[in-house]
2 protein chains.
Amino acid sequence: MSVELLHGSPEPPSDDIYDNWYIDDPQEPEVPPDEIIPDCDLTLPDGMYHLILAPVSLCAILLLSFLVQRKRLCKSCCWGLPGLLSPLNLLEDSGNRWIPCAVFGLLFSSLCRLLLDSTTLDFLPEICNAHQALWKILALFYYPALYYPLLACNSLERVVGYLVGTILSWLHCGALIWQKIDCPQTPKFYRYYSLLATLPQIGCLLVLSAVYPALLLYKLRKPRRSDQKTHRNYYLKYLSRLLNRKPSNGSKNLGTPGSQVFRTIFSYLYPPNTDVCLSLKPVLAVTASMLSGYQVALLLLVVFLPTVQKIRKSINEEFILVLAGFGLNVDENKTAAVEFIVYYIWVVEVCYIAAMVLSCIVTVTMLLRSLVKHRWALQSLCAGQSSLVFLDSRSPSPSPSVLSSWMGHISYQAAFTCIGLIIQIVVLFVAHVCVTFLIVIPIVYGKFQIILHFLKMSWPYWLLLFLVTVLQYVCSRFLFLEGHPSQTTNRKSLFLLTYLLLPVNVLRGGLVSIARLLVSAIFNLIHFCRMDLSLLQHSVQGWDPGYRNYCNFLMLEVSECHPLVRAFCLLLKPQQGKHPDLEEGIHLMPPDGRSHKGGRSQLARARWNLAYTLIHNPSLHSQRIPTCSNGTPRLQPT
Amino acid sequence: MSVELLHGSPEPPSDDIYDNWYIDDPQEPEVPPDEIIPDCDLTLPDGMYHLILAPVSLCAILLLSFLVQRKRLCKSCCWGLPGLLSPLNLLEDSGNRWIPCAVFGLLFSSLCRLLLDSTTLDFLPEICNAHQALWKILALFYYPALYYPLLACNSLERVVGYLVGTILSWLHCGALIWQKIDCPQTPKFYRYYSLLATLPQIGCLLVLSAVYPALLLYKLRKPRRSDQKTHRNYYLKYLSRLLNRKPSNGSKNLGTPGSQVFRTIFSYLYPPNTDVCLSLKPVLAVTASMLSGYQVALLLLVVFLPTVQKIRKSINEEFILVLAGFGLNVDENKTAAVEFIVYYIWVVEVCYIAAMVLSCIVTVTMLLRSLVKHRWALQSLCAGQSSLVFLDSRSPSPSPSVLSSWMGHISYQAAFTCIGLIIQIVVLFVAHVCVTFLIVIPIVYGKFQIILHFLKMSWPYWLLLFLVTVLQYVCSRFLFLEGHPSQTTNRKSLFLLTYLLLPVNVLRGGLVSIARLLVSAIFNLIHFCRMDLSLLQHSVQGWDPGYRNYCNFLMLEVSECHPLVRAFCLLLKPQQGKHPDLEEGIHLMPPDGRSHKGGRSQLARARWNLAYTLIHNPSLHSQRIPTCSNGTPRLQPT
């Protein structure tokens, strides 16, 4: 078995640069034994993995289509290809939420590795290297297709679907875990990078491998029971709250102050709001964003940290001599100088890790917060308060651009999170290094006293600013607002003081403008990944492409997923045991306004008329009173 | 007469750096004859100028106080010092506007030179050099005091005031022009820097020297006529419009399309809005900001441009050899290489000048626009529509912090403009250089083809993004919104396409997030100097310190300068020929609500009651109808 160096492999270009940079040695540096990683051959190589699993997935999907939907297949043309299984009901939100979240996590993890790690496609034959970009593009379509059956098996809600799903997820999971046990260490970036990057994929597959068998067992035990029960209950509850009486603003028992603080913090991220249920898409977007963010953060960690650690270990007295050659004298004592340099590099590493941890915490908080805001926006829009959400009134009607935005929302959220995370880490790292080297180290070790020097030079100005601020406040309080709290007094003195303090106020204005710069930069940095907030001022908030996209997405969600429509669809067909289908509900309402004479009962049509009226005039919701005696039948949800 | 080099004087630290950097010559480089500037001695040195003019100004102010206000002096304590002339009525806005604008321009020009140019205080004796900071702080208070009489002479509106003002402004102006004729060239920064920096000061003094004599002649000819006439008319017109009838929305004759375009552009910067007159303070703020911005831009120009020009002139074949030593090979032919380098440096200069011109245009546009927005905000607040301006309802009552903000507004605006201009110039310069070297030069000369190389590498991705965008749009238009314009159709295909395009949409999301970054950065950069806009999102717009300051300022302006109050003050005392005084008007209204039995007439009190009601309930304005028969006397402005 040959050995390969972690950072000494023949062609890692980024490592070579560092090698040449910090070691002036013509011969290969001696490698400590802990940096030697064994070169291993996979029992199941990547190529073989895809060669086996792609046909298996294809067979699974064809089998399911032919077995389950044969009736529908025979009806439509082209061998029923348009009638193939749908991957998921993004707008309908039926069934289990664990499976779509796990599959989307799996997909986005694979995708990030494909985009970030250039070795992902190394298993392709040599001849493909000439057209690497084209193969990458093919891979962009291949991964969704590969994981498609895992998602489609769920949307059937039949025993055979769960069975196929169980087999497929076990196959994927087993193969991946086998690969990682075979070769836990790889020479790219950092020895455990590949293992750490695969962890989310393994986690998602474990979830699938557990949920599919559980669903199968549940289905086998209670074959007639549907998952729709909870959703059905939610929609009917919403309807009864809306139609029967105005919401009671019961004053809650607030409890002790301690629990109140806890509840406030908790409600910032997850409010106890039972009125409107989050739809599936924002949950998927947040899941995908978090897993993509993990991949980006991991890559930034393994690119920076091991390199700097290597540099730190290679600092010696020769390096001090080189520094002295450039005129940088760290310390008279060479050993102390080496210690200082090593310590400073260690401080930089700590700053980097701190920046990374802080960025990740901020990003996760913001993503959770965006869910809360989304739920609030949905609730407001369902109640017809669109000016509260958009600051102007909009009518939620889908157009091609709205639909395009809706289709891209999950991916956009993931991309925004990744880019925002990168910017945050870079900026926070620079800020941490500045704070450490300009404030902490000068106080602790007495080195780099630039700030102290600056303060020594400029203390009269700071004192002046402080005194002038106090003077202005005191004069305002006791001289210019004396007696008349709503009118200024002593106006001549006020004008005189204003005039005399103009130059000093210019200095204060400089400070305030720097504060403005910092506040706006920090706010935008923190909220970059939140598409539900515009980064711009309210009159031009639509110029922000992220926010415009989110508004389109939100409008379509409200237009298509209004709980009223769902509830009435359920009420119309409670006996058939099928899924409530929005399209069927819509087709009940003739486009030209005529009502059918035969067919459904009069009651159903009247109910639908009411729902149709309410969804197109959301402001009427608040006008509804408990007893409706204006010809509209009173609805009693069962 | 000794000669001194423009960039070879003994102690200019910034120049020494450049000297050492680009010339490796141990001996002093030969200076071309056009860079030698004669060293000259001022006939009227700076020290002498201040030694003469400061006592003259002091005498003038004391003379005016004793001559004109002797009655008031005798009444008050401390020799009547609190009764000294007021510099200007910032809130009352009476009299000529040219004089305050010119004096504020003069003051801010002097102030900027004091803060930016370290040679301003060189005339002080050697002993003061040890405490330079303290002397600068003293100078911050000295300059307003020096120009104080120029402003105070105007607020008297008496012949003697205009006479003293004329003499003082002629003295200042003559002395400054004499100095500049004596020594037009100075060795600091650039030979004409001092002259160019003094130009705004000379301009302001010329305005004063022309306006004061004109006012004097006017006063001598028509001694009884007051400047208040136009203001009085404005307030009464406002009152009559408000009380008599609702504003008529007469449809204007719009004219030809060409004039309409012109009118639209014009109305962006100066709308034909006759309802509310701008108060003095924002005009002063814009004047001060523009002159401060001029000083900052001038300094940035003379620090950068002559230095780069010197570098450009010193490029020769030796420099090419030095570059080749670093591994940079510009061209095989050395003469061509020199020409290329010289050309590139010239391009950088052009970029710098273009960035500077663009920044100045943007800043001036934004300042003018802020006046328009201020006028609109005043009008809205006077009509009681505070939620239109602040997005929430606020009551305009002064507090110490509001008053502090009001006192600092002019200075803050100037500081924001200067800082914003610096940031704009730097960012635009970098952007111009990037565009030139990455796009223009590669196209014209075929060098630096980094972008082309990048496009060659990545064209499949761009093509993919384009095709996917078109595909999404076409599918949305003709498949998913087919037939039902307000509902989606073919939902299974929609979900399938959404799922399959997820990875490609991540790439699109990356582009959109970069667009978001650019849009928000550019918007905030352009609007940094505008305090009337928050740089933050609407729910946290108060966190922007500049905007909060402006809101405070605006609330005090509305609370103290409401045209209604002014108009009623005028109506109450039309016969006395004195200035309308807001404080006297307020004192008419007893704080406890009781009405005086004697004293003023019943009519005056009723009128004041109406005004008091209206100003504290601005929403009532729109309720007023032409004939008031509810006990309130009908007002007929004369």
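**Close-up views of chains A and B**

**View 1. Chain B and chain A meet through 110 residues of chain B and 110 residues of chain A, where contact means heavy atoms within 4.5 Å.** Please keep in mind that this is a predicted model, in which local features need pLDDT of at least 70, side-chain atom pairs count only at pLDDT 80 or more, and totals for chains, interfaces and linings use all residues. Residues are numbered from 1 along each chain as its sequence is written, chains are lettered from A and ligands numbered from 1 in the order in which they are written, and side-chain values use heavy atoms, with hydrogens and water left out. The two chains bury about 10,000 Å² between them, 72% of it on carbon and sulfur atoms. Buried area is the accessible area (1.4 Å probe) that two parts lose on being put together, summed over both. B:Met407, B:Tyr499 and B:Arg516 supply 9% of the area that chain B buries against chain A, more than any other three residues.

**View 2. Here is a salt bridge between B:Arg516 and A:Asp544.** Their closest N and O atoms are 2.9 Å apart. A salt bridge is a side-chain nitrogen of Lys or Arg within 4 Å of a carboxyl oxygen of Asp or Glu, and the count between chain B and chain A is 2.

**View 3. Helix α18 of chain A (residues 545-560) packs on helix α17 of chain B (residues 502-526).** Helices (H or I, at least four residues) are DSSP runs, numbered from the N terminus. The angle is about 125° and the axes are 8 Å apart; axes are lines fitted to C-alpha atoms over the stretch in contact, and angles run from 0 to 180 degrees between N-to-C directions. That makes α18(A) oblique to α17(B), the word for angles that are not under 35 degrees (roughly parallel), over 145 (roughly antiparallel) or 65 to 115 (roughly perpendicular). On α18(A), look for A:Pro545, A:Gly546 and A:Tyr547, which meet B:Val512, B:Ala515, B:Arg516 and B:Val519 of α17(B).

**View 4. Within chain B, α15(B) crosses α17(B) at roughly 105°.** Their axes come within 10 Å, and the two helices are therefore roughly perpendicular to each other. Among the residues that make this contact are B:Trp462, B:Leu465 and B:Val468 of α15(B), along with B:Leu507, B:Arg508 and B:Leu511 of α17(B).
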